[in-house]
Amino acid sequence: GGKTWYTVEFMARNYKYGITYVAERNEQLEKVFALLTQHYGISEDLIQIYNQHTDSKKEIRKSLNNVPIILITHTRMTIDHPTAFCHYSYPTLRRRGYLIIDEFSSMASVISIQEYMVKGILSEEGIKFGVVLEESTALLALSKIRNTIVKIANTMNTNKSIRYSAVESISHNIMSLEAWQYVLELTFYQIFIGNYRSHDKVLDVMIPLALQQAWGHMFDKVMVLDATAGLTPYLYPDFHMIGNDFDFSLIKRCTYYNVTDFDFSKTKLRENLHTFLDNDLPNLKERIESYGAKPYIVTYKEFADEIRDRLSMPVVHYGLTKGSNEYRECDCAVLIGAYRLPPDYLNLARIIYPGIDENSIPVANWIQEIYRTRIREGKNINVIYLGDRKSSNHLRSVLGIPVEPAGISMSPRNHIEARLRKESKKGRKLILKELGEEGICDLEIVAKKHMGRDMKKARSAYKGLVNDDPYFSRATELDGDIIKVRDKL
């Protein structure tokens, strides 16, 4: 694509300053390698591809200092220590001129560490826990505990006092000792400057892993090729943004499916999955078939297989296609669910990203997915999206084009069945089971069979269902002590 050509041309003109280029996929590294060597005549000896499968022996890592161009994957950079990729020995050892980051990388990770462990490490060096330090003082304190950090790094795969919540696609046991050391350095630095939350004698620390923040200071200049950077400016506080805006006028039809019975979050979809698959997906399938001959359908990893089986169409999950050009001929984007930050993660993120907008991340992800299709070639497409109401409304405002609303609603019987699957109280379950199987429930019979003829218990169970679930009263009608399922909500 045009972005790759422009980037490679820049690299060919400036490689003598030392360049580290980071991309999501090996295929992209190989493409850049081929363009540099075949089109621009750069010698292969001046380029080193360094990915997840590259041997991480120290002699190989040290040799990188002699190579002006390093091509590396996001994963490789995350599981190794960044100092291996930020120096260039021409004419003498110095910082590389450029870090070029292709595609947005994981923004942060969370370390949970026992408070007693932190206090013990600090007390050995006479550092008082809980005192917020200035940046220069924090760096000095960090240098005092560096030897201890190295020792802890050796135990990270077995240490039960520390929990690391990292990028989903990375297996922690392949992270190098040097990478663990760097993660712990970032962790203690955040503790020193007061960026953590404490609960139950555990410190939760969010460390920035977006490459421009965690690694950027080690290079002279940083370039990030993030098409949706304008939606997440809090990730680039000191950056100058350039580039063209999106042309959403190429989206000819756009439909937002509103699942009227529940807010379409990942949690709610999990609770109502069978109902969605049985009742709602056939409706959605008809719309997809009318919107495009070659749809690009993406959803949560957890549900991708079942949705694919029901639709009998290709379905991928979020994160799988990052940096991919494989879907550039697709004429329709179907987005089932939005990626939202978990509340606890979001609360921690506000510490290091004060201006964070909780709706910007899911919308930025959605737009990245839309631009996997042929819209990137300047061709018209159609879009269908389902998501929680906050994300969906924000996407609508960002697109700035007409959006057709379409409601999906469960049938009353499906709603009863969905409610039965998550109900825990015995009396209510008995009523729901009768309604689901027969479409009718006589409270007098339920009381006689299961409640020692206690009608008060049976009526209380029914009232509990009505009070806790407004849709239950819409799905049923009461005639005396007989409950019937309605034909429609």
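Does Gln48 count as buried, exposed or partly exposed, and at what relative accessibility?

## Basis of the model

This is a predicted model, in which local features need pLDDT of at least 70 and side-chain atom pairs count only at pLDDT 80 or more, while totals for chains, interfaces and linings use all residues. Residues are numbered from 1 along each chain as its sequence is written, and side-chain values use heavy atoms, with hydrogens and water left out.

## Gln48

Gln48 counts as partly exposed because its relative accessibility is 27%; buried means under 20% relative accessible area, exposed over 50%, and partly exposed in between, with a 1.4 Å probe and protein chains only. The residue belongs to strand β2 (residues 47-50). Strands are DSSP runs of E with at least two residues, helices are runs of H or I with at least four, and both are numbered from the N terminus.

Apart from neighbours within four places in sequence, Gln48 makes contact (heavy atoms within 4.5 Å) with Leu64, Val67, Ile69, Ile70 and Leu71. Leu71 is 23 residues away along the chain, and its C-alpha atom is 6.1 Å from that of Gln48.

## Overall structure

The protein has 20 helices and 20 strands. Its C-alpha trace spans about 90 × 60 × 35 Å along the principal axes. Of the 489 residues, 51% count as buried. Among contacts between residues at least 6 apart in sequence, 72% join residues at least 24 apart.

The accessible surface, from the Shrake-Rupley method with a 1.4 Å probe and with only the protein chains shown counting as cover for residues, is about 23800 Å². Carbon and sulfur atoms account for 47% of this surface.

## Cavities

A cavity is a set of points, on a 1 Å grid over the protein atoms alone, where a 1.4 Å probe fits but cannot get out; lining residues have an atom within 4 Å of a point. Grid points are joined across faces, edges and corners, and a volume is the space filled by probe spheres set on the points. There are 2 cavities of 30 Å³ or more.

The largest cavity has a volume of about 60 Å³. Its lining includes Leu122, Lys128, Phe129, Ile191 and Tyr196, and divides into 7 nonpolar, 2 polar and 1 charged residues. Ala, Val, Leu, Ile, Met, Phe, Trp, Tyr, Cys and Pro count as nonpolar, Asp, Glu, Lys and Arg as charged, and the others, Gly among them, as polar.

The second largest cavity, of about 40 Å³, is lined by Thr78, Asp80, Pro82, Ala179, Tyr182, Val183, Leu209 and Trp215. Helix α8 (residues 177-192) gives the most to this lining, with 3 residues.

Conventions
On a 1 Å grid over the protein atoms alone, a cavity is a set of points where a 1.4 Å probe fits but cannot get out, and a pocket is an open set with protein on both sides within 12 Å along at least five of seven lines; lining residues have an atom within 4 Å of a point.
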